Amino acid sequence: MTTDTQRSKQEIRAAVAGIRGSYIATKRDGYFATALDRLIATNEQTAIAEPVRFTSTGEARGIIVVDGAGGGKTSLVQRGLAMHPGLKPSETSRPVVSITVPNPATLKSVAQEALKATGYTGGEKKRTVWEMWELLRERFKMLGTVVFWIDEAHDLFPHGSKSEAPHILKTFKSLMQGDGAVIVILSGIESLWDSISFDHQVQRRYSKFELPPVTASTDSNLIWKLMVSFCERVGLEPPKAGDLLERIIHAGRKRFGLCIEQMISAIEIALLRGDTTLAAQHFADAFFAQEACSVSDNVFLSPRWSSIKLIA
Ligand SMILES: Nc1ncnc2c1ncn2[C@@H]1O[C@H](COP(=O)(O)OP(=O)(O)OP(=O)(O)O)[C@@H](O)[C@H]1O
Ligand SMILES: [Mg+2]
């Protein structure tokens with residue numbers, strides 16, 4: 001079924017951008033806020049946040065956030081840090097400094113990226129790597145930095161003998177100690193934890209925050225409500241339930257972010273076609289566009305969809 005007066009592409013783009021831009025808070029946000037709160041103390045008089053010191057030597061702690069690709073790690077940490085009342089930036093302070101791991105990831109390139117993220121514009125060429133990390137520590141102190149967040153942190157720890165992983169971990173450890181210590185948050189795919197958890201010092205200093213997989217038994221209500229609300233917002237009739245929800249979860253590799261992305265892609269296709277009801281076919285076409293697979297491997301078309309193996 002199509003509408004008499006089809007919406008312009010521009011209107012559709014705006015409608016889709018509207019749903020894509022909205023953050024959906026779930027239980028995961030509450031759990032992350034709790035994990036963060038454990039590490040941050042807020043001075044009641046000044047409302048200024050600072051890392052909780054966990055040892056008599058004044059060590060802060062960190063969090064390692066892991067989930068599969070597209071699970072929603074970046075969104076979750078970004079939102080969690082932005083919502084924390086003690087981490088609001090001011091004209092003179094920068095309580096959160098965040099970077100995405102540069103490529104190639106070396107002690108030097110990470111220090112350069114972090115210095116840039118603190119707003120540092122001076123030249124680094126004449127400094128040794130050690131001096132750059134010292135400068136970073138000074139910048140953190142000056143800016144009242146509480147959290148240093150490193151996203152895509154799995155790229156810091158490639159396999160192979162050339163990896164600077166042990167040095168990087170030692171450097172983070174020293175940033176978590178002493179005057180001006182910061183909380184280090186690392187986020188990345190599952191291999192991040194596997195690459196570094198063998199280290200006893202890592203296990204002691206960081207808590208692992210693993211985003212649980214989406215399952216039909218625990219999350220079908222949430223996913224379904226989301227789909228209905230997305231449809232309402234863009235003026236589409238929601239699809240018939242059937243086993244569509246289970247297929248979405250399977251096609252989304254049980255990852256929250258990928259489930260959302262599929263719904264939005266299917267909605268976009270429906271709107272561009274001028275259809276008034278969201279249907280399984282829109283999901284199937286979105287899946288074709290994303291995965292470039294055959295009909296028999298399309299989770300939304302195949303009767304044996306649940307046994308289709310998807311590339312991680
Ligand atoms: N709570 C949420 N509300 C709305 N959209 C979300 C939410 N969490 C994730 N998404 C969406 O899911 C997609 C994947 O999220 P995100 O980029 O945060 O995942 P990621 O795990 O960091 O992915 P990658 O492994 O590629 O870095 C994005 O389009 C994002 O907007
Ligand atoms: Mg990410």
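At 56% relative accessibility, Asp179 counts as exposed (buried is under 20% relative accessible area, exposed over 50%, partly exposed in between; 1.4 Å probe, protein chains only). Its salt-bridge partner is Lys141, which is partly exposed at 44%. A salt bridge here is a side-chain nitrogen of Lys or Arg within 4 Å of a carboxyl oxygen of Asp or Glu.

This is a predicted model, where local features need pLDDT of at least 70, side-chain atom pairs count only at pLDDT 80 or more, and totals for chains, interfaces and linings use all residues. Residues are numbered from 1 along each chain as its sequence is written, chains are lettered from A and ligands numbered from 1 in the order in which they are written, and side-chain values use heavy atoms, leaving out hydrogens and water.

The whole structure holds nine salt bridges, including these:

| Pair | Closest N to O distance |
|---|---|
| Asp179 and Lys141 | 3.7 Å |

Asp285 is buried, with a relative accessible area of 17%, while Arg273 is partly exposed at 38%. Glu59, Arg61 and Arg205 are joined in a salt-bridge network.

What about the domains? The domain assignment (automatic or from a database) gives domain 1 (9-22 + 214-305) and domain 2 (43-210). Their centres, taken over C-alpha atoms, are 35 Å apart. Between domain 1 and domain 2 there are zero salt bridges.
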